[in-house]
Amino acid sequence: KSGVGKSSTINSLLGGADSVAANAFKTETTKVRVVTHKMHGMTLRLIDTPGLQPSSADIAYNARVMADAKRFTKKHKPDIVLYFDRMDQVSRVDGGDLPLLKTITSAFGAAVWFNAIVVLTHGSSAPPDGQNGQPISYEMYFAQRSHLVQQTIRQAAGDARLMNPVALAENHPLC
């Protein structure tokens with residue numbers, strides 16, 4: 001998704017190296033690109049993509065981004081796929097992200113989700129109040145966000161067996 005911290009997380013994974021332009025206030029990634037970085041005797045090849053847009057009016061744009069990403073993955077078959085979302089997004093139960101996830105599934109096939117890890121960025125964010133106005137625990141909020149994203153992925157992939165691992169990421173320089 002757009003604006004969730006994909007490029008910032010790549011920079012964090014690379015040890016703080018600003019290999020990828022990232023800005024908290026505007027979209028920096030405008031095209032699919034491969035970032036290559038040597039680390040601990042290994043060559044990491046990360047495919048950074050522009051974020052997908054949530055509006056149904058952006059279906060053609062999203063399809064173009066996925067087609068470009070697929071072209072890159074033919075040259076560099078990924079070992080792992082990271083799907084990014086934000087921990088601090090208000091939980092939606094209306095399936096608002098389903099069209100985005102279906103676009104990914106359509107481009108790469110349902111098998112893409114079997115090697116996918118969900119990364120929730122802004123992982124140090126405080127949880128919002130619960131439905132009754134009472135605070136909920138961080139663990140409960142993490143479980144709710146994880147469940148919602150996993151459930152939507154299962155729906156997009158058409159496979160109820162999927163249970164993607166979920167990782168938290170915090171890219172703020174003070175964390």
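Colleague: Where in the chain is His76 found?

Modeller: This is a predicted model, and every value discussed here is computed from it. Not counting residues up to four places away in sequence, His76 touches Val34, Arg45 and Ile47. Of these, Val34 is 42 residues from His76 in sequence, while the C-alpha atoms are 9.1 Å apart in space. His76 itself is found in the loop between helix 2 and strand 3.

Colleague: Does His76 count as buried, partly exposed or exposed, and what is its relative accessibility?

Modeller: Buried means under 20% relative accessible area and exposed means over 50%, with partly exposed in between. His76 falls between these cut-offs and therefore counts as partly exposed, its relative accessibility being 27%.

Colleague: In what order do the elements of the protein chain run from the N terminus on?

Modeller: The protein chain has four helices and five strands. Read from the N terminus on, the elements run α-β-β-α-β-α-β-α-β.

Colleague: What percentage of the contacts with a separation of 6 or more is accounted for by residues 24 or more positions apart?

Modeller: The protein chain has 175 residues, of which 37% count as buried. Among its contacts with a separation of 6 or more, the share of residues 24 or more positions apart is 66%.

Colleague: Which element supplies the largest share of the lining of the largest pocket?

Modeller: The largest pocket has a volume of about 1,200 Å³. Its lining numbers 37 residues, and the closest to its centre are Ile47, Pro78, Ile80, Val81 and Leu82. Elements that each supply at least two lining residues include helix 1 (6–13), helix 2 (59–75), helix 3 (98–108) and strand 5 (166–168). The largest share, six residues, comes from strand 2.

Colleague: By class, how many residues of the lining of the largest pocket are nonpolar?

Modeller: The lining of the largest pocket includes seven polar and six charged residues. The number of nonpolar residues in this lining is 24.

Colleague: What is the geometry of the aromatic pair that the search of the whole structure finds?

Modeller: The search finds one aromatic pair. It is formed by Tyr83 and Trp113, with 5.8 Å centre to centre and 75° between the planes. Planes over 60 degrees apart count as edge-to-face, so the pair of Tyr83 and Trp113 is edge-to-face.

Colleague: Which parts of the chain does this pair link, and are Tyr83 and Trp113 buried or exposed?

Modeller: The pair links distant parts of the chain, 30 residues apart: Tyr83 is in strand 3 and Trp113 is in the loop between helix 3 and strand 4. The cut-off for a buried residue is under 20% relative accessible area. Tyr83 has a relative accessible area of 6% and is therefore buried. At 2%, Trp113 is likewise buried.

Colleague: Against which strands do the buried residues of helix 1 pack?

Modeller: The buried residues of helix 1 are Lys6, Ser7, Thr9, Ile10 and Asn11. Just after this helix, Gly15 takes a positive phi of about 80°. The buried residues of helix 1 pack against strand 1 (33–39), strand 2, strand 3 and strand 4.

Colleague: Is Thr121 buried or exposed, and at what relative accessibility?

Modeller: Thr121 is found in strand 4. Not counting residues up to four places away in sequence, Thr121 touches residues including Val4, Thr9, Phe84, Asp88 and Asn171. Thr121 counts as buried, with a relative accessibility of 1%.

Colleague: Which residues does Thr103 contact, leaving aside its neighbours within four places in sequence?

Modeller: Thr103 lies in helix 3. With a relative accessible area of 17%, Thr103 is buried. Its contacts beyond those neighbours are Asn62, Ala63 and Met66.

Colleague: What is the relative accessible area of His40, and is this residue buried or exposed?

Modeller: His40 is found in the loop between strand 1 and strand 2. Its phi is near 50°, a positive value in a residue other than glycine. Exposed means over 50% relative accessible area; His40 is therefore exposed, at 76%.

Colleague: Where is the place of His122, and what is its phi?

Modeller: His122 is in the loop between strand 4 and helix 4 (138–157). At 28% relative accessibility, His122 counts as partly exposed. Its phi is positive, in a residue other than glycine, with a value near 60°.

Note on methods
Residues numbered from 1 in each chain as written. Predicted model: local features only at pLDDT ≥ 70, side-chain atom pairs only at ≥ 80, totals over all residues. Heavy atoms only, no water. Buried < 20%, exposed > 50% of the residue type's maximum accessible area, 1.4 Å probe, protein only. Contact = heavy atoms within 4.5 Å. 1 Å grid on protein atoms, 1.4 Å probe; cavity = no way out; pocket = protein on both sides within 12 Å on 5 of 7 lines; lining within 4 Å. Points joined across faces, edges and corners; volume = space filled by probe spheres on them. Nonpolar A, V, L, I, M, F, W, Y, C, P; charged D, E, K, R; others polar. Phe/Tyr/Trp six-rings, centres within 6.5 Å; stacked < 30°, edge-to-face > 60°.
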